[in-house]
Amino acid sequence: MSYRESLPSPYLQGLVAAYWGVDGAVGGGLAMQRILPDGCADLICDFSGGHPQMYWVGTMTRAIEVRMGGRQDLFGIRFAPGALFSLLGAPLSLLTDDRVAYAALPASVWQPPLDGWHAAPDFAARCRRTDASLRAILPRLPSGPFVQLLQQLSARAALPVSPAALADDTGMGLRTLQRRFMDHLGVSPRQHLRYLRFERARQLLSQQNHRCADIAVIAGYSDQAHFVREFRRFSGVTPGRWR
């Protein structure tokens, strides 16, 4: 079984974080795959059976175990954090930690090219069809200043210590900030800040020259115990086991 990722057209990089695909058979029967939170929501198209299925996967607040077996043929669109809201036309809180059939919550301004994806000969062709389909509706999408705010937040060297500090930084009232996060991401500002700290810690763990105590400080945790507790909550394992 192979997993592939591809970046979208530069015109779409404020809307789409990546395209991804899974293709092939899972050897040795059923296998468990751990999926970590990534701060994004996805549209997944499953062509493994006789009838293609499309479904949304909302922002995740914890790791999940996915059972995979048999022949797999998946194509996914990982939307940039906060970007799906303008396409969906509904709050992302409807999708948090959940999987919802596309038919139950169709996008308000876009019809995914399901037939084109199904007929496409390979992953690259599906990516090209998606680029063309999404670029065609870009002029109809409202501007996304909140998406830019999320991008700037992720790039900051030091994260705000609390939602109140983030509200002060952005000039928004705390209630307005809470509402924008629930609409665009499906999680609260506090939850998103927790995810960003986890992601920074996870990346630091891949560098063997950092001790856990150092990572706790760099990522913005109050102490090492706080770091271990939060890391286990998001990943399902301790930092030591992850490393």
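**Close-up 1. The lining of the largest pocket divides into 24 nonpolar, 10 polar and 14 charged residues.** In this predicted model, the largest pocket holds about 1,400 Å³ of space. Its lining is made up of 48 residues, and those nearest the centre of the pocket are I35, L36, D38, D42 and R78. Among the elements that give two or more residues to this lining are strand 2 (16-35), strand 3, strand 4 and strand 5 (64-79), together with helix 4 (145-155) and helix 7 (189-205).

**Close-up 2. Strand 3 (residues 42-46) is mostly covered, with 5 of its 5 residues buried.** In a regular strand the side chains alternate between the two faces of the sheet. Strand 3 pairs with strand 4 (residues 53-57) in the antiparallel sense over 5 bridges, and I44 stands opposite Y55 of strand 4. The two strands form a hairpin, with 6 residues between them.

Close-up 3. Of the 22 residues that line the second largest pocket, P142, S143, G144, P145 and V147 are the closest to its centre. Helix 4 gives the most to this lining, with 6 residues, while helix 1 (84-88) and helix 6 (174-184) each supply at least two.

**Close-up 4. Helix 3 (residues 123-137) has buried residues that include F123, L134 and I137.** At the start of helix 3, a side-chain oxygen of D122 reaches to within 3.4 Å of the backbone nitrogen of A124.

Note on methods:
Residues numbered from 1 in each chain as written. Predicted model: local features only at pLDDT ≥ 70, side-chain atom pairs only at ≥ 80, totals over all residues. Heavy atoms only, no water. Buried < 20%, exposed > 50% of the residue type's maximum accessible area, 1.4 Å probe, protein only. Helix = DSSP H or I, 4+ residues; strand = E, 2+ residues; numbered from the N terminus. Pairing = 2+ DSSP bridges. Polar contact = N/O pair within 3.5 Å; in protein donor to acceptor, adjacent residues only side chain to side chain. 1 Å grid on protein atoms, 1.4 Å probe; cavity = no way out; pocket = protein on both sides within 12 Å on 5 of 7 lines; lining within 4 Å. Points joined across faces, edges and corners; volume = space filled by probe spheres on them. Nonpolar A, V, L, I, M, F, W, Y, C, P; charged D, E, K, R; others polar.
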